[in-house]
Number of protein chains: 2
Amino acid sequence: MSSANSLLISVDVNRLTGELTTLAGITEAGPPVVTRVVFSEADLRAREWVKGLCREAGLMIREDAVGNTFVRWEGSEPGLAAVGTGSHIDAIPNAGAYDGAVGVLGGLEAIRALQRVGYRPRRAIELVIFTSEEPTRFGIGCLGSRLMGGVLSAEQALALRDKDGHGLEELRSAAGFAGPLGWVKLAEGHYSAFVELHIEQGPILEREGIDIGVVTHIAAPASLRVVIEGEGGHAGAMLMPVRHDAFCAASELVLALEAAAKATGVIDTVGTVGVCEVFPGAVNSVPSRVRLETDIRDIDGARRDGVIASLKTAAEEIAERRGVRIGFETVNADPPATCEPAIVEAIERAAKVAGRSSQRMVSRAYHDSLFVARFAPVAMIFIPCRGGVSHRPDEYASPEWIAGGVEVLARTLAELASQ
Amino acid sequence: MSSANSLLISVDVNRLTGELTTLAGITEAGPPVVTRVVFSEADLRAREWVKGLCREAGLMIREDAVGNTFVRWEGSEPGLAAVGTGSHIDAIPNAGAYDGAVGVLGGLEAIRALQRVGYRPRRAIELVIFTSEEPTRFGIGCLGSRLMGGVLSAEQALALRDKDGHGLEELRSAAGFAGPLGWVKLAEGHYSAFVELHIEQGPILEREGIDIGVVTHIAAPASLRVVIEGEGGHAGAMLMPVRHDAFCAASELVLALEAAAKATGVIDTVGTVGVCEVFPGAVNSVPSRVRLETDIRDIDGARRDGVIASLKTAAEEIAERRGVRIGFETVNADPPATCEPAIVEAIERAAKVAGRSSQRMVSRAYHDSLFVARFAPVAMIFIPCRGGVSHRPDEYASPEWIAGGVEVLARTLAELASQ
């Protein structure tokens, strides 16, 4: 441990921010807008480019059946469980340059920084690029890490379809990934520890002037699809008293979720309707069907489930009063994860050695670490992002914040890989 | 007049319903769903098929620069103003087989029925197939009749774009229509009278057991586009108290329009939000922008404008309270049309001779006749449709209802063309 603490680590932040900018330029949209949906041409081009950087650093690369990519720096005792780090490079439509990317390219720079000072890990250090952390394509987030953690079965994964009806099998094959999906699952003991570096995606660190967030819990997200079926008709001729307008019912439901999330009185509860499709979608046609996708989160699983229950109660009342049918499908409702105290403490020690202020906090966003926690001890390192803004083109983390996060990650990996 | 009344007209309703079924099968969707958006491959195929039927009947065909199609049965005095009839064959997504089609194929059958009994018109009878009565593609309804009536200028028409950014110029050229759009405008006096046959798209005729609705007024529709701009962010990390969720604001606006339309206390007021696009449209992203398309109608223009004013007042309050921006764009706000008493009376006489019950009524739906009324005397013949249902695949008019409507149309055309 003392050897890890005494390393004179120097992060090449100019190179790293240049690489983040280059990666952001590999997008389906026009820069600075980042849109990189899994298995899109941009996603595949981004993967190739990142793998090239990893090869330059002399690292070995393995890809599994769903495209999770493992970049390995072999340890002096290859038989030991590895220390993992990593994140994702897929991005939702209209996203920014830092979500996920900081954990992948920052993880690589942490390895390069350790290489430059001549550090040699006892345990292998593995950088993981997870497939489809974002739910954009398949409606379910953390596809790669769910399969890795055995939370999603191969059968469930093969049933996934994107909005155009293309299945996972077809899409992963076209992307060049093959083999049994059941083999993606990793055994307990594959990693002795896993640490993910990520932007906070919230306002706390920047507001309070703290360099490093040390994540102790990852919030429990639930996603529900809602279908409202009413009665369509001509917008001119269908008179108001006889209408069963699916979009009016959906609008009440949107507001009911907002009210239920606020009604817990706890800042940690959030509820969002981010997707809405109105059918048939003509200006002169009364909507007959609406499909919503909702996202409900809390650090307390029971409180989150209470919000879901409130939403369903509201839906029953709306359906009854308006003469529409409302159906719910639970896409996922994952339990929260508790981070490993030993890793949390290792991060805090690393921050202290690096001269960076740190604070324990909760992650409200979904992360692959939530599912890695099913088979390995995990923790996360957060860095500030401007205004707490994420999932937008103006998402931003300063070079100084990034350099701090990468140094703390490098020192943490060094300590964990020396054990 | 006496000669027209004494005609032994026999409508070939088997042939006509067969033709309606064939036309319904020319669709972008799977039958029985009719989707035939203007200038789509299905629309062009349907036009060719209908023109073939017209040629079989020995009629001359002319098409104007926007694709309005004029099918002429020459009169014995070709110098006189013609008598017009007709409707449209384009259909909104997920529509049925009768809206518009009954007026086109029924108009053709009326001409054939008159031909079969040896009637020879003094004035020419022109069957018009209007381009894009439905607003699906360009967001504005009655494109062909607006240009014909000089309500829309060539410049305004050329500025129209569909949702994929394709302009009218590009689309009409690809469909084979050329020439100055300004030439689409017809002069006052082109038609001595114009009569459109259409399904009611409302429940009154069927409910009251009446064969024929004689339209005296066509309601005044207004269409507004609304853009709500809030603030996006990560659905997990953006806490409820700091949100400016564009979709929650939009939901309030949808309910405000519903309430304003109901608040007039008059059955003739209707308000609908039929189109909603949520941006960026990801389940884990707080909506930053929403685009709505609204349709507001009344037979009283001032009352309709009162509903629009209520909507805008509600929008101001919502924008202020939620910290979002709400902008309105008026796509159209057309004045209502009053039908020509002489044609209304001719229809009533024709119904009486045909042994069909009739009732004067108001049209709440948009029709090309609204714009033909700018340059010619108009009236409309409504027939019942089951349950008042329209703009849906289960839209239905019985052969008996259709036969009645076509006979009344034929007799009305014969009377008007003899004058």
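Me: What makes up the fold of chain A, counted in helices and strands?
Reply: Chain A has 13 helices and 17 strands. Keep in mind that this is a predicted model.

Me: Why is the radius of gyration of chain A said to agree with a compact globule?
Reply: You set one value against the other. For 419 residues, a compact globule would come out near 22 Å, and chain A has 23 Å, so the two agree. As for its extent, the C-alpha trace spans about 80 × 45 × 40 Å along its principal axes.

Me: Okay, on to the two chains. What makes up the contact between them, in residues?
Reply: Chain A gives 60 residues and chain B gives 60 residues. A residue gets into that count because its heavy atoms come within 4.5 Å of the other side.

Me: What area is buried between chain A and chain B, and what part of it do carbon and sulfur atoms give?
Reply: About 5,000 Å² is buried, and carbon and sulfur atoms give 65% of that. On the chain A side, A:H234, A:M240 and A:V283 lose the most area to chain B, together 14% of what that side buries.

Me: Why is the pair B:E231 and A:R392 called a salt bridge?
Reply: Check the distance. The closest N and O atoms of B:E231 and A:R392 are 3.2 Å apart. The cut-off for a Lys or Arg nitrogen and an Asp or Glu carboxyl oxygen is 4 Å, so a Glu–Arg pair at 3.2 Å qualifies.

Me: What makes A:E258 and B:R322 a salt bridge that crosses between chains?
Reply: The closest N and O atoms of this pair are 2.7 Å apart, and the limit is 4 Å, so the pair passes. As for the crossing, A:E258 sits in helix α9 of chain A, while B:R322 sits in helix α10 (residues 301-322) of chain B.

Me: How many salt bridges are there between the chains, and how many in the whole structure?
Reply: Between chain A and chain B there are 4. A search of the whole structure, over all chains, gives 70.

Me: How many residue pairs are in polar contact across the interface?
Reply: There are 14, with both residues at pLDDT 80 or more. Several elements of chain A each supply at least two residues to the side touching chain B, including α9 (246-263), β11 (270-279) and β13 (289-298). That side of chain A divides into 29 nonpolar, 19 polar and 12 charged residues.

Me: What kind of peptide bond runs from A:F279 to A:P280, and what is its omega?
Reply: The bond is cis, with omega near 0°. A:P280 lies in the loop between β11 and β12 of chain A. In chain B, a cis peptide bond joins B:F279 and B:P280, with omega about 5°.

Me: Last one. Which residues does A:G387 touch, leaving out those up to four places away in sequence?
Reply: A:G387 touches A:P203 and A:E206. Along the chain, A:G387 and A:E206 are 181 residues apart, yet their C-alpha atoms are separated by 7.2 Å.

Notes
Residues are numbered from 1 along each chain as its sequence is written. Chains are lettered from A and ligands numbered from 1 in the order in which they are written. This is a predicted model: local features need pLDDT of at least 70, side-chain atom pairs count only at pLDDT 80 or more; totals for chains, interfaces and linings use all residues. Side-chain values use heavy atoms; hydrogens and water are left out. Buried area is the accessible area (1.4 Å probe) that two parts lose on being put together, summed over both. A salt bridge is a side-chain nitrogen of Lys or Arg within 4 Å of a carboxyl oxygen of Asp or Glu. A polar contact is a pair of N or O atoms within 3.5 Å; within protein, one must be able to donate a hydrogen and the other to accept it, and residues adjacent in sequence count only if both atoms are side-chain atoms. Helices (H or I, at least four residues) and strands (E, at least two) are DSSP runs, numbered from the N terminus. Ala, Val, Leu, Ile, Met, Phe, Trp, Tyr, Cys and Pro count as nonpolar, Asp, Glu, Lys and Arg as charged, and the others, Gly among them, as polar. The radius of gyration is taken over C-alpha atoms; the globule rule is 2.2 Å times the number of residues to the power 0.38.
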